[in-house]
Amino acid sequence: MAGAVRHGDGTIVVADKGSWNLRYFDDRAKQLRTSGREGDGPGEFRGLSWIGRCGSDTSFVWDLRHRRMSAIDLSGRVGRQFRLPLNPSDLTPYAFSCSSQGWLVMVGEPLLVDLPQRDKESARIPAPVVVTDLGGRVLRTLANVNTREFTMSARASAPLPRPLGLETHVAPGKQRVFVGTGDSAIVQVFNVMGGRSGSIRLSGSPRPATQKHFEMAVDEIISFEDDAEARSILRRLFIALPMPAYLPPHGELIVDSEDLLWVVRSIIGDPETTMDVFDG
């Protein structure tokens, strides 16, 4: 699953990356319909990786392989599609979040040439956090922050996303944008018009990573690959990477309809989901 959103009438839309479609459920978990399929045309997908509700009863869906955003209404009809980045000079986004006010926050993807070149060396590269309209046009840049962590694999002859590695999560509220890079147990707070407006320090001590956490993180990274043989090859490449000593300090950041910030503290492999909640 790439994610799920709940709309104003209670409809829940699930982005199923295993079957390349969207599944619509009512508030009693009864499936109503599906839309989308594997392919390259309107409403077709190759790499579902994110879904968000952006200020209306429209689901915005990111197809990583197509580098394409689709706006899809509750009937499953595609309203519009656009590729990102819009301009060749902009970085391709890898992380998204939607605002109830009708705009997007994106984090740029690092350039491969800037990533580590020595085997098993890990690094993070700065990239911009930008606010865009719902057509992908950049309105302003909030900050340059470290993006997801990569490790060089000599066996793959390329840098690979590090399982359990640090990465940046963003969440926009009504007037603020929360940014957690994972470099520390601090969530930075920005005014939506630009400029820092504070920070939030998370409680607790760093938790040691375990082999279970590591292997489940590997399986999540390679879940996009539906060919069993190719997935087995990828798994061996990722398992050979060095396991971090500690788990990231947080997972997702979420802002709810009351403008409360929810910080997911649990990591894939934990037996239950835990969150910290912060008011204004």
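Strands β3 and β4 make a hairpin, with 5 residues between them. In the turn sits Ala29, whose phi is positive, at about 70°. The model is predicted. β3 covers residues 21-25 and β4 covers residues 31-35. The two strands pair in the antiparallel sense over 4 bridges. Leu22 has Ser35 of β4 as its bridge partner.

Gln31 belongs to strand β4. Gln31 counts as partly exposed because its relative accessible area is 36%, which lies between the 20% and 50% cut-offs. Leaving out residues up to four places away in sequence, Gln31 touches Arg23, Tyr24 and Phe25. Pro172 is 141 residues from Gln31 in sequence. In space, their C-alpha atoms are 30 Å apart.

## A second hairpin

β9 and β10 also form a hairpin, here with 4 residues between the strands. Gly76 in this turn has a positive phi of about 95°. The strands run antiparallel and are joined by 5 bridges. Met69 stands opposite Phe82, which is in β10.

## Backbone details in the loops

Trp20 is in the loop between β2 (12-16) and β3. With a relative accessible area of 16%, Trp20 is buried. Arg67 is in the loop between β8 (58-63) and β9 (68-73). Arg67 is partly exposed, at 28% relative accessibility.

Where is the cis peptide bond with omega near 0°? It runs from Leu84 to Pro85. Pro85 is in the loop between β10 (78-83) and β11.

## The nonpolar cores

In soluble globular proteins, nonpolar side chains tend to be buried together. The largest nonpolar core here has 15 residues. Val105, Val129 and Val177 have the most contacts inside it. The largest share, 3 residues, comes from β15. Another core lies apart from this one and has 14 residues, among them Trp62, Phe96, Met106 and Leu134.

What does Val129 touch, apart from its neighbours within four places in sequence? Its contacts include Val105, Met106 and Val107. Arg140, Thr141, Leu142, Ala143, Val145 and Val170 are also in contact with Val129.

## A surface patch and a buried arginine

Ile254, Trp262, Met275 and Val277 form a nonpolar patch on the surface. Together they have about 310 Å² of accessible area. Trp262 lies in strand β23. Trp262 is partly exposed, with a relative accessible area of 31%.

Is Arg265 buried or exposed? Arg265 counts as buried because its relative accessibility is 17%, and the cut-off for buried is under 20%. Arg265 is in the loop between β23 (261-264) and β24 (275-278). Not counting residues up to four places away in sequence, Arg265 touches Leu202, Ser203, Arg207, Pro249, His250, Thr274, Met275 and Asp276. One of these, Met275, is also part of the surface patch.

## Salt bridges

Side chains of opposite charge can pair when their charged atoms come close. How many salt bridges are found in the whole structure? The search finds 16. Glu121 forms one with Arg118, and their closest N and O atoms are 3.4 Å apart. Glu121 is partly exposed, at 27% relative accessibility. Arg118 is exposed, at 60%. Glu38, Asp40 and Arg46 are linked in a network of salt bridges.

Arg124 forms a salt bridge with Asp183, with the closest N and O atoms 2.6 Å apart. Arg124 is in the loop between β13 (122-123) and β14, and Asp183 is in the loop between β19 and β20 (186-191), so the pair ties together parts 59 residues apart in sequence. Arg124 is buried, at 13% relative accessibility. Asp183 is partly exposed, at 45%. Arg176 forms a salt bridge with Asp259, and here the closest N and O atoms are 3.8 Å apart. Arg176 lies in strand β19 and Asp259 in the loop between β22 (253-255) and β23, so this pair ties together parts 83 residues apart in sequence. Asp259 is buried, with a relative accessible area of 16%.

Note on methods
Residues are numbered from 1 along each chain as its sequence is written. This is a predicted model: local features need pLDDT of at least 70, side-chain atom pairs count only at pLDDT 80 or more; totals for chains, interfaces and linings use all residues. Side-chain values use heavy atoms; hydrogens and water are left out. A nonpolar core is a set of buried Ala, Val, Leu, Ile, Met, Phe, Trp, Tyr and Cys residues joined through side-chain atoms within 4.5 Å. Buried means under 20% relative accessible area, exposed over 50%, partly exposed in between (1.4 Å probe, protein chains only). Contact means heavy atoms within 4.5 Å. Two strands pair if DSSP finds at least two bridges between them. Patches are made of residues with over 30% relative accessible area and no salt bridge: like charges are joined within 9 Å, nonpolar side chains (Val, Leu, Ile, Met, Phe, Trp, Tyr) within 5 Å. Accessible areas come from the Shrake-Rupley method with a 1.4 Å probe; for residues, only the protein chains shown count as cover. A salt bridge is a side-chain nitrogen of Lys or Arg within 4 Å of a carboxyl oxygen of Asp or Glu.
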